[in-house]
Amino acid sequence: MKKSRFNPSQIAGILKEFDAGKSADEITRDHGVSKASLYKWRQLYGGMEASELKRIKELEEENAKLKRMYSNLALELDTAKYIIEKKL
């Protein structure tokens, strides 16, 4: 998964500027972020504070880690089942 250039406090600050009335064109020019990213952040994190954003990002990273762990264990289980069936 690609790491964001912006930390949660920066994202929250950018979204606050947008909510305060600054246009999307000005924000994209000032911060070097695409309009698509700006609107995606607004959809995902609109109305949240920086601490909430940080916690959500941590939970997303933990969830991705757990999914990888599960897929590795499932693969090992399938391999073990195949070996056991072959021996019988």
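Modeller: Buried means under 20% relative accessible area, exposed means over 50%, and partly exposed is in between (1.4 Å probe, protein chains only). This is a predicted model, where local features need pLDDT of at least 70, side-chain atom pairs count only at pLDDT 80 or more, and totals for chains, interfaces and linings use all residues. Residues are numbered from 1 along each chain as its sequence is written, and side-chain values use heavy atoms, with hydrogens and water left out.

Biologist: How many salt bridges does the structure hold?
Modeller: It holds 5 salt bridges, each being a side-chain nitrogen of Lys or Arg within 4 Å of a carboxyl oxygen of Asp or Glu.

Biologist: Which side chain does lysine 35 meet?
Modeller: Lysine 35 pairs with aspartate 25, at 2.7 Å from N to O. The two link distant parts of the chain, 10 residues apart: lysine 35 is in helix H3 (residues 35-45) and aspartate 25 in helix H2 (residues 24-31). Helices here are DSSP runs (H or I, at least four residues), numbered from the N terminus.

Biologist: And why does aspartate 25 count as partly exposed?
Modeller: Because its relative accessibility is 39%. Lysine 35 is partly exposed too, at 40%.

Biologist: New topic: where do arginine 55 and glutamate 58 lie?
Modeller: Both are in helix H4 (residues 50-87), 3 residues apart, about one turn of the helix.

Biologist: Which residues are linked in a network?
Modeller: Salt bridges connect Glu17, Lys22 and Asp30. Within that, glutamate 17 and lysine 22 meet at 3.3 Å, N to O.
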